[in-house]
Amino acid sequence: MISPLSARQELRPIDLLVAYDLDAPSLVFYSKRQVVIVRRGEEAGFQRLAASYGRLFIVAKAAAETRLRQVPDIFPLDRRGGYVLYSNRYSP
């Protein structure tokens with residue numbers, strides 16, 4: 001899995017960690033952050049969250065990547081261990 005510890009190092013206080021169609025209690029535990037869950041079919045929520053929080057880090061299973069690629073204004077950052085990490089910004 002993409003390391004929540006490495007994501008935690010990148011996250012600023014105003015950034016938001018999002019789990020896309022994923023129930024991952026370990027993500028909350030290891031990142032020590034609030035994690036918002038966006039379910040399949042609720043992808044419009046990414047734009048609303050970005051408007052409120054700024055930068056998003058979106059963690060999902062690799063199988064969801066085809067669907068994530070259809071969401072405007074989010075970009076892949078990393079792929080590892082069957083998971084992908086997307087963001088609405090290339091860099092901080």
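Predicted model: local features only at pLDDT ≥ 70, side-chain atom pairs only at ≥ 80, totals over all residues.

User: Why is E43 called buried?

Analyst: Buried requires a relative accessible area under 20%. E43 has 13%, so the residue is classed as buried. Its place is in the loop between strand 2 and helix 3.

User: What makes the approach of the E43 side chain to Y20 a polar contact?

Analyst: The cut-off is a pair of N or O atoms within 3.5 Å, one able to donate a hydrogen and the other to accept it. The side chains of E43 and Y20 make such a contact at 2.4 Å. A further polar contact, at 2.7 Å, links the side chain of E43 with that of R67. Leaving aside neighbours within four places in sequence, E43 is in contact with Y20, V38, R67 and V71.

User: How do you know whether G54 is buried or exposed?

Analyst: G54 has a relative accessibility of 15%; the limit for buried is under 20%, so G54 counts as buried. G54 is found in the loop between helix 3 and strand 3. Beyond its neighbours within four places in sequence, G54 contacts L49, N88 and R89. The C-alpha atoms of G54 and L16 are separated by 7.8 Å, although these residues lie 38 residues apart along the chain.

User: What makes a group of residues a nonpolar core, and which members of the largest one touch the most others?

Analyst: The members must be buried residues of the nonpolar set, joined through side-chain atoms within 4.5 Å. The largest core has 16 residues, and V18, Y20, F46, L49, L56, I58 and L68 touch the most other members. Strand 1 (16-20), strand 2 (35-38), helix 3 (45-53), strand 3 (56-61) and strand 5 (83-87) each give two or more residues to this core. A second, separate core of 11 residues includes L11, L27, V35 and Y83. Not counting residues up to four places away in sequence, L49 touches L16, V18, V36, V38, G54 and L56. In soluble globular proteins, nonpolar side chains tend to be buried together.

User: Why is strand 5 described as largely enclosed?

Analyst: 5 of the 5 residues of strand 5 are buried, so the strand is largely enclosed by the rest of the structure. Y83, L85 and S87 point one way, V84 and Y86 the other, and all are buried. In a regular strand the side chains alternate between the two faces of the sheet.

User: How do you know that strand 5 pairs with strand 3 and with strand 4?

Analyst: Pairing needs at least two bridges found by DSSP. K61 has Y83 as its bridge partner in strand 5. Strand 4 (residues 75-80) is also joined to strand 5 by 5 bridges, again antiparallel. F75 stands opposite S87 in strand 5. The hairpin of strand 4 and strand 5 has 2 residues between the strands, and G81 takes a positive phi near 55° there.

User: What share of the protein chain counts as buried?

Analyst: Of its 92 residues, 45% count as buried. The protein chain exposes about 5,300 Å², of which carbon and sulfur atoms supply 52%.

Conventions:
Residues numbered from 1 in each chain as written. Heavy atoms only, no water. Buried < 20%, exposed > 50% of the residue type's maximum accessible area, 1.4 Å probe, protein only. Areas by Shrake-Rupley, 256 points an atom, 1.4 Å probe, with all protein chains shown as cover. Helix = DSSP H or I, 4+ residues; strand = E, 2+ residues; numbered from the N terminus. Contact = heavy atoms within 4.5 Å.
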